[in-house]
Protein chains: 2
Amino acid sequence: MKTYLDCIPCFLRQALAAARAATDDEQVHHRVLKLVAPRIVELPLEVTPPEIAQQVYRVVAEVTGNSDPYRKEKDRANQQALALYPQAKKIVAQSDDPLLSACKLAIAGNTIDLGPSSGYADIGGIVEQALVTPFGVNDYAGFRKSLSRCRHILYLGDNAGEIVLDKILIEELRRLKDISLDFVVREKPIINDATLADARYIGLDEVTNIVSSGSDAPAIVLAQCSPEVLRLYNTADVIIAKGQGNYESLSGERRNIFFLLRAKCQLVARQLGVNVGDAILKQARGLSPGRV
Amino acid sequence: MKTYLDCIPCFLRQALAAARAATDDEQVHHRVLKLVAPRIVELPLEVTPPEIAQQVYRVVAEVTGNSDPYRKEKDRANQQALALYPQAKKIVAQSDDPLLSACKLAIAGNTIDLGPSSGYADIGGIVEQALVTPFGVNDYAGFRKSLSRCRHILYLGDNAGEIVLDKILIEELRRLKDISLDFVVREKPIINDATLADARYIGLDEVTNIVSSGSDAPAIVLAQCSPEVLRLYNTADVIIAKGQGNYESLSGERRNIFFLLRAKCQLVARQLGVNVGDAILKQARGLSPGRV
């Protein structure tokens, strides 16, 4: 997905929010905007939003001297989501279609995002709203079909906290069948995205192999990924791509990708033909459901 | 009121919206952002928001070649508000306190604003919501008291369409007592602000003298006003200042100003201690109610 001009004010807002999270010094906040604004307006619109975000947050890190401004928010999100784990597991276990419930929860977990959203999700309410939020796109039937002949899943993670709900979906996938699964995290901290440290903190390494993307972009930007991640990407039977960033960077790809996310801004919602806030379980275009 | 760093992304959003209203050429929209972004981040924050807006909209006019991008929206707002005039007049005439009702309507008219608001007001619903919208600040008692010994009012207008509701308030003021009143409009088109042409179009000149501010700023910026407006400003017994822009430019002034507006962004709402959307009838600080 290309960047829209509407993204430019949004990136400036994000830069300011991140600068404020990094330091209380208003002059530093202003300096961040002075560097980010002229830079992002000159970038070609063909660059995807996560690639622009990468540059924006690099400036924030350089100017503030804080390369992980949302560290506290990530810790809090991980802890709050962990506290929900028993309740969420119970709901999945007791539901008529545990895999569908686990998908809904993993999608609801994607509301824990400090990028396009201006505020933070009510993590305590995630389990309840997961079950009532309408699907804007629902390719669950295709997802089930793809899984039937699947041996290897590549799971592209997104945010801290959210990964606890991803863990539940992975446990459900493993309960259904014997599959190999690799989970990709960001190489370095960016926004509130999950890194290896977050994955280990919430015990994701107990249920899956964790791989670092090789990039600090807040999404899987293929040109920046490590050879290992590219190999996994090219050979996996099914790819689960979490979050708006991964949708933005991979929506044009012709692989068997299922995008699981909440639509968080008008532009992405419009492109998906849904309302902001809708749950999305979307199979990549150009692939018939069930092709593996 | 000084400019906050949060205003910078908002101004970029406004620049984009105005550029889109002026032309369909996306390259021109991008060029506007390329010029506006580096300029506004370098402006000192002591400059008030309307002064920054003035520069932003000048760039839009220069780059797009359209100095009145919201002309159609202004015409539509004037026409829609004129259609409401009979209903609004009736409500004022039949109410227990016609002056208060006229104030509420004039404040509701301030929702017709294409600057800080991202969308356009539902002009058809303005009369109904005028009567139910809560006051965030209500210095109506002070306003009545100030009027009791008032002979001359300076009324600082804001937007096209809105001026129809201002006309009703002016008619009500004139019904109450014999006062002289001057109504100030913008010198040139900016955003959807009312100019002399708009005032004449809706017949405001039938009930008051109209004066042009001498400036194309989207608010009364005293340093830019004509000597005539300054003289009126310095000698009026009561000043009615409509809209968020006039609040931003004049909130620090120690004159007997009553600000009538809707709080349209988080920053102004926070400064006023109200919620976004609240109706505001606020007397300038440092003046006890009734001082004339």
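**Two domains and a two-fold pair**

In chain A, the centres of domain 1 and domain 2, taken over C-alpha atoms, are separated by 25 Å. Domain 1 of chain A covers 7–64 and domain 2 covers 71–283; these bounds come from an automatic or database domain assignment.

This is a predicted model, in which local features need pLDDT of at least 70 and side-chain atom pairs count only at pLDDT 80 or more, while totals for chains, interfaces and linings use all residues. Residues are numbered from 1 along each chain as its sequence is written, and chains are lettered from A and ligands numbered from 1 in the order in which they are written.

Start with confidence. The model scores ipTM 0.90 and pTM 0.92. Chain A averages a pLDDT of 94, where pLDDT is the predictor's confidence in each residue, from 0 to 100. In chain A, 96% of the residues score at least 70. Residues 288–292 of chain A fall below 50. Beyond near neighbours in sequence, that stretch has 16 contacts in the model.

Now look between the domains of chain A. Nine residues of domain 1 are in contact with 12 residues of domain 2 (contact: C-beta atoms, placed from the backbone, within 7 Å). On the domain 1 side, helix H1 (7–22) and helix H3 (49–64) of chain A each supply at least two residues. Helices are DSSP runs of H or I, at least four residues, numbered from the N terminus. H3(A) gives the largest share of that side, six residues. By class, the domain 1 side has five nonpolar, three polar and one charged residues. Here Ala, Val, Leu, Ile, Met, Phe, Trp, Tyr, Cys and Pro count as nonpolar, Asp, Glu, Lys and Arg as charged, and the others, Gly among them, as polar.

H1(A) and H3(A) also meet each other. Their axes come within 10 Å and cross at roughly 30 degrees. Axes are lines fitted to C-alpha atoms, for helices over the stretch in contact, with angles from 0 to 180 degrees between N-to-C directions. The crossing is right-handed, that is, the near helix is turned clockwise from the far one by less than a right angle. From H1(A), the residues include Phe11(A), Ala15(A) and Ala18(A). From H3(A), they include Ile52(A), Val56(A) and Val60(A). This contact has 13 nonpolar, two polar and no charged residues.

Finally, the pair. The same surface serves both copies: 100% of the contact residues of chain B recur in chain A. Each chain gives 15 residues to the contact. H2(B) supplies the largest share of the chain B side, eight residues. By class, that side has nine nonpolar, two polar and four charged residues.

Terms used:
Two residues are in contact if their C-beta atoms, placed from the backbone, lie within 7 Å.
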